[in-house]
Amino acid sequence: MRQLAAALMMAGLLSPALGQDQAEFERCLSGLRVQAMDKGIAAATLDRALAGLKADFSVLERLDYQPEFRTPIWDYLAALVDEQRIADGRERLQEHAAVLAEIERRYGVDPATVVAVWGVESDFGKNFGGRPLLESLGTLSCFGRRQSYFSGEFIAALGILDEGSLAADKLKGSWAGAFGHTQFMPSTYLRLAVDFDGDGRRDLVDSIPDALASTANFLARAGWQAGLPWGFEVRLPDGFSLAGEGRRSKRSLAEWRQRGVERVDGLPLAPDDLGAGLVQPAEEGGPAFLLTKNFDAIYSYNASMSYGLAIAHLADRLRGGGDFVTPWPTDDLPLDRAGRRELQTLLTERGHDIGPIDGAIGARTRTAILAEKRRLGWEETPRAGQKLLRALRGEAQ
Ligand code: CA
């Protein structure tokens with residue numbers, strides 16, 4: 001039934017508020033208020049936070065959105081680790097060198113890794129997400145398919161207000177409730193955020209030292225070991241079987257070496273007793289990696305291989321490392337954000353209404369890409385790659 005409703009909603013045939021109205025929301029909030037009181041949150045905090053709170057039913061569409069188009073890992077990485085983000089990250093490393101050095105002393109996490117998380121999570125504070133957390137989390141607590149998870153986060157957000165570190169108008173973030181420079185969920189904030197600048201408040205929104213130290217604290221608590229690399233890109237012998245291997249199937253580097261696995265940069269696989277798991281993220285081939293427990297710590301920030309590799313690779317690039325050596329298995333290389341903006345500009349010039357030229361490939365840009373590929377007689381996929389950019393560039397000249 002929900003699928004039918006979602007389909008009708010997408011087709012614009014049904015208001016998202018069917019069976020879900022403000023009155024039902026307020027009844028549900030009364031129940032959540034009791035739970036929050038049980039957790040020790042002050043009545044005055046709840047009065048202020050919950051009075052007049054409106055549901056935001058648009059978040060339910062995001063909850064049920066099943067992307068019909070999965071982004072290949074090489075496109076994902078190209079958008080998150082590009083020349084612009086590397087240059088910006090190096091500037092941030094300089095600018096915050098003193099605080100990053102102090103964070104490394106205290107938590108054992110190096111500056112490049114901390115700054116890479118910041119760059120991937122919020123583009124160094126440029127992209128926090130603008131949805132009021134209490135509205136989104138309150139709505140997701142009362143409607144939709146993950147109410148018990150989101151009600152825990154909603155009550156955690158009320159706990160943040162009760163602590164007094166952040167005002168309600170600062171609690172804005174993604175539709176799912178992640179907020180601040182390093183996009184913590186409220187429960188993660190309560191467990192792991194730290195006051196690093198010493199003003200008595202744990203502020204992940206307006207204090208860069210607090211946000212960066214909280215990230216390092218997260219990684220340290222997730223098992224980060226100082227001085228250990230996240231892993232290496234490796235070359236596999238011909239016919240090597242990856243069956244049964246994976247991030248969690250760790251073997252010693254000595255064993256990997258005996259099986260013929262080598263680092264692509266020619267350096268020795270060492271030390272012998274370091275455990276690492278082998279992955280090749282693209283099913284069709286491409287780069288392979290040995291991953292240590294420091295990668296697992298990054299992975300626990302957001303359980304996704306593409307995401308973990310984006311942070312690990314950005315950290316390497318910030319330290320002066322190069323691109324992956326083994327090419328991704330595609331004949332249509334991905335676009336970085338500058339390439340995406342140029343493609344959007346060319347699509348706009350051809351009369352497509354794609355909205356702002358922001359380098360983000362959303363639904364309208366994909367529709368325009370499909371139309372252009374149809375016109376060119378190409379395979380109709382909504383993917384933005386270098387082939388289409390070159391074709392449109394050629395026609396524009
Ligand atoms: Ca602080």
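Modeller: Cys-142 is buried, at a relative accessible area of 9%. Buried means under 20% relative accessible area, exposed over 50% and partly exposed in between, with a 1.4 Å probe and protein chains only. This is a predicted model, in which local features need pLDDT of at least 70, side-chain atom pairs count only at pLDDT 80 or more, and totals for chains, interfaces and linings use all residues. Residues are numbered from 1 along each chain as its sequence is written, and side-chain values use heavy atoms, with hydrogens and water left out.

The partner of Cys-142 is Cys-28, with an S to S distance of 2.0 Å. A disulfide here is a pair of cysteine sulfur atoms within 2.5 Å. The structure holds 1 disulfide. Cys-28 lies in helix 2 (residues 22–38) and Cys-142 in helix 9 (residues 133–142), so the bond ties together parts 114 residues apart in sequence. Helices are DSSP runs of H or I, at least four residues, and strands are runs of E, at least two, numbered from the N terminus. Cys-28 is partly exposed, at 23% relative accessibility. The torsion about the S-S bond is about -85°, so the disulfide is left-handed.

Helix 2 also meets helix 10 (residues 147–163): the axes come within 10 Å and cross at roughly 65°. Axes are lines fitted to C-alpha atoms, for helices over the stretch in contact, with angles from 0 to 180 degrees between N-to-C directions. From helix 2, Leu-29, Leu-32, Gln-35 and Ala-36 make the contact. Helix 10 supplies Ser-151, Phe-154, Ile-155 and Leu-158. Contact means heavy atoms within 4.5 Å. The crossing is right-handed, meaning that the near helix is turned clockwise from the far one by less than a right angle.

Now the rings. The charged end of Arg-146 sits over the ring of Tyr-149, 4.6 Å from its centre. That requires NZ of Lys or CZ of Arg within 6 Å of the ring centre and within 35 degrees of the ring normal. Arg-251 lies over the face of Trp-256, at 5.6 Å.

The whole structure has 15 aromatic pairs. Rings of Phe, Tyr and Trp (its six-membered ring) pair if their centres lie within 6.5 Å; planes under 30 degrees apart are stacked, over 60 edge-to-face, the rest tilted. Phe-324 and Trp-328 are edge-to-face, 5.9 Å centre to centre with 85° between the planes. Phe-324 is buried at 13%, and Trp-328 is buried at 13%. Ring pairs link both to Trp-74, Trp-230, Phe-289, Phe-295 and Tyr-299 in a cluster.
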